[in-house]
Amino acid sequence: MTSMSRLRRVLATSAIVASALSVLTGCGSDDSGDTIRFALDWTPNTNHTGLYVALQEGFFADAGLDVQVLPYNNTSPDTLVDSGNAEFGSSFQDSATFSRAAGAQTVSVLAPLQHWATGIGVKADRADLAGPKDLDGKTYAGFGDPGEREILRQVIRNDGGTGDFETVVLGTSAYEAVYGGQADFTVSYFAWEGVEAARRGTPMRYFHYTDYGFPDAYAIVVNGNEEWLATHPEQARKFVQALQRGYQVAADDPDRGAKALIAANPGVFSDEELVFESQRMLAADYMKDASGRVGTQTLEQWSGYSRFLFEHGLLAGPDGKPLTTEPDWSTYFTDAYLAAP
């Protein structure tokens, strides 16, 4: 959910199979553009609720589109979209930035989550960890994502620390390591691991990046293939607006969104109340812009975090060498396909 932190949720492997059986009706696309393949970044979860609302309530069908959801696999959605094996896919601002900088022909067309939905998590009873600066010398249970260590170092420094800590890469086992005291902190997704931890009796406390002067970012974005967008502008507009409508429903009526997600993926969620709590949190704090709309993006927000990645030498070009010229961030996203306000 970092961003997989980013989702980082531990869902059963059976979710992949269930998702495929419930919504995947084929893998081929057609030249008309009416068949659209959407690549998931992880197994179905509340970051995808708007997609499933649009599927379950017929928004895509009403637009004359056959939307096929590709089940999650080890190939990133950015790669699938860039290669033309999917027209759209769920991604994150950081991974979308890395991919496009490296030459991917992808562009973000919608941002389902307007803000960071992750933060530094410590056990709630750790009185010795009052702020990020107290993490100096401690052990971070991480995920090995590009840039994650630099983000944490900067947040700690912004709080007056040195940014020096130990790292162990544990993947989704990171949460258990913190719960059990084998590590001191991790990066949690508020609307999944955060809710889950409280429900299991191991509540966490969080340090939000933006509270310590770190730029905000879009936790989730939807990338489109630029060539396909250029050759199928009408289908692209219909798809993005139907998807935007689905996310708007999920933001305005979170229980309706949660029900659509569960209905589309029967047997996937062993704790359905967790899905409802997660969707309510996202709807309350993360999905809408200041005007109450979903999906919108701004150059200011894209520039802040993506510029941080550039300035810290984390972005490589198509030749694999660090970028020396800052990209034009306005080319990394577009709101052109969204519905008019």
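**Figure 1. Confidence across the predicted chain.** In this predicted model, the protein chain averages a pLDDT of 91. A score of at least 70 is reached by 91% of the residues. Residues 1-27 fall below 50. That stretch still makes 88 contacts in the model beyond near neighbours in sequence. Where pLDDT is low, predicted coordinates should not be read in detail.

**Figure 2. Helix H12 and its packing partners.** H12 (272-285) has 14 residues. From first C-alpha to last, H12 reaches 21 Å, close to the 20 Å expected at 1.5 Å a residue. Its buried residues are Leu 274, Val 275, Phe 276, Ser 278, Gln 279, Leu 282 and Ala 283. These pack against helices H2 (49-56), H8 (190-199), H10 (233-252) and H11 (254-264). Strands E4 (106-113) and E8 (186-189) are also packed against them.

**Figure 3. Arg 293 in the loop between H12 and H13 (299-311).** Arg 293 is buried but has no salt bridge. Asp 289, the nearest side chain of opposite charge, is 5.1 Å away. The Arg 293 side chain instead reaches the backbone oxygen of Ala 339 at 2.6 Å. Leaving aside neighbours within four places in sequence, Arg 293 contacts Gln 244, Gln 248, Met 287, Lys 288, Leu 338, Ala 339, Ala 340 and Pro 341.

**Figure 4. Arg 205 in strand E9 (204-207).** Arg 205 is partly exposed, because its relative accessible area is 25%. Its side chain reaches the backbone oxygen of Arg 126 at 2.6 Å. Not counting residues up to four places away in sequence, Arg 205 touches several residues, including Ile 120, Val 122, Lys 123 and Leu 129. Phe 185 is 20 residues from Arg 205 in sequence and 10.0 Å away in space, C-alpha to C-alpha.

Terms used
Residues are numbered from 1 along each chain as its sequence is written. This is a predicted model: local features need pLDDT of at least 70, side-chain atom pairs count only at pLDDT 80 or more; totals for chains, interfaces and linings use all residues. Side-chain values use heavy atoms; hydrogens and water are left out. Helices (H or I, at least four residues) and strands (E, at least two) are DSSP runs, numbered from the N terminus. Buried means under 20% relative accessible area, exposed over 50%, partly exposed in between (1.4 Å probe, protein chains only). Lys and Arg count as positive and Asp and Glu as negative; His and the chain ends are not counted. A salt bridge is a side-chain nitrogen of Lys or Arg within 4 Å of a carboxyl oxygen of Asp or Glu. A polar contact is a pair of N or O atoms within 3.5 Å; within protein, one must be able to donate a hydrogen and the other to accept it, and residues adjacent in sequence count only if both atoms are side-chain atoms. Contact means heavy atoms within 4.5 Å. pLDDT is the predictor's confidence in each residue, from 0 to 100. The expected span of a helix is 1.5 Å times one less than its number of residues.
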